[in-house]
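Colleague: I have not looked at this model before. Please take me through a few of its features.

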Amino acid sequence: MLYPVKRLIEIIEEIARGNYSNDVMSLTTEDNPEPVRNIAEAMGMMMVKVEAREYELEMMVERLRELNHMIKENTIKTVSAMAHALAARDAYTEGHTARVGELAGRMASHMGLDEETKESVRLGGILHDIGKIGFSDLLFQAHEGRNPPDMVKEIVRHPGLGADILKDMDFLGTSREYVHSHHERLDGKGYPRKLKAKDIPLGARIVAVADSYDAMTTDRPYQKGISPAAAIGKIREHAGIRWDEACISALQAVLEETGVI
Ligand SMILES: [Fe+2]
């Protein structure tokens with residue numbers, strides 16, 4: 001076979017393997033037979049076009065990455081705005097929801113949950129009480145002791161109301177489910193759906209522990225917060241009955257890691 005033809009075939013095989021180089025251009029000079037020259041020129045043009053397309057695709061992927069990042073940022077901003085809206089009605093809620101979100105996210109991370117689930121748990125923690133936004137003012141007023149039955153009726157509706165408020169926000173993923181189930185108990189005596197044990201989503205079991213821990217350790221007008229160690233002890237008393245053992249261990253580990261206990 002003529003050398004230029006053999007060389008052309010070798011170069012085409014290389015290109016077919018995805019190795020683009022300018023070697024083909026060496027066959028476009030006058031000293032090569034015309035058919036080889038024509039094929040080499042066509043190959044050269046084709047490679048330029050393919051490379052331009054690849055560049056365009058890379059740019060598109062980059063743009064998609066940026067858009068994805070923006071969607072995530074906007075999700076977080078929306079969630080924060082909602083949490084602030086609730087805080088405007090209940091001063092105690094402001095720091096509480098942010099702390100529960102942070103703590104629940106760390107616990108999820110400690111339990112080895114993937115990034116996406118961890119983020120949903122964190123957002124679920126921030127939004128867990130969003131259903132309280134429709135509460136009457138009376139329910140936000142500081143008081144001691146048991147709530148009268150009609151108040152209890154209103155209180156137990158807040159997880160369901162929260163899930164309703166969030167129902168069209170697909171970008172929240174499983175967070176909505178965690179909001180709905182954050183007052184369920186392993187023994188089925190929680191509310192609003194009396195779910196039992198593993199029927200309660202893991203993210204909701206995490207938020208439940210973080211929520212109770214924060215409520216116990218925070219000073220409120222009618223209650224002095226207890227120490228983190230005391231709160232862990234109190235929560236442990238209800239391990240496997242009210243709260244999930246693995247979630248309690250995750251809470252303890254996170255508190256130890258951060259030097260809180
Ligand atoms: Fe709640």
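Colleague: Between which helices is the loop that holds Leu27?
Modeller: This is a predicted model, in which local features need pLDDT of at least 70, side-chain atom pairs count only at pLDDT 80 or more, and totals for chains, interfaces and linings use all residues. Residues are numbered from 1 along each chain as its sequence is written. Helices are DSSP runs (H or I, at least four residues), numbered from the N terminus. The loop with Leu27 lies between helix 1 (3–16) and helix 2 (34–87).

Colleague: Is Leu27 buried or exposed?
Modeller: The count uses C-beta atoms placed from the backbone: 20 or more others within 10 Å make a residue buried, 12 or fewer exposed, and a number in between partly exposed. Leu27 has 22 other C-beta atoms within 10 Å, so Leu27 is buried.

Colleague: Which residues does Leu27 touch, leaving out those up to four places away in sequence?
Modeller: Two residues are in contact if their C-beta atoms, placed from the backbone, lie within 7 Å. With that exclusion, Leu27 touches Pro4, Arg7, Leu8, Asn32, Val36, Arg37 and Ala40.

Colleague: Is Lys194 buried or exposed?
Modeller: Lys194 lies in the loop between helix 8 and helix 9. Its phi is positive, about 55 degrees, although Lys194 is not a glycine. Lys194 has 12 other C-beta atoms within 10 Å and is therefore exposed.

Colleague: Which peptide bond is cis, with omega near 10 degrees?
Modeller: Its proline, Pro192, lies in the loop between helix 8 (175–181) and helix 9. The cis bond runs from Tyr191 to Pro192.

Colleague: How are helix 3 and helix 9 placed relative to each other?
Modeller: Axes are lines fitted to C-alpha atoms over the stretch in contact, and angles run from 0 to 180 degrees between N-to-C directions. The axes of helix 3 (residues 93–110) and helix 9 (residues 202–217) come within 9 Å and cross at roughly 135 degrees. Angles under 35 degrees count as roughly parallel, over 145 as roughly antiparallel, 65 to 115 as roughly perpendicular and the rest as oblique. Helix 3 and helix 9 are therefore oblique.

Colleague: What separates the centres of domain 1 and domain 2?
Modeller: The bounds come from an automatic or database domain assignment. That assignment gives domain 1 (1–70) and domain 2 (89–257). Taken over C-alpha atoms, the separation of the two centres is 59 Å.

Definitions and conventions
Helices (H or I, at least four residues) and strands (E, at least two) are DSSP runs, numbered from the N terminus.
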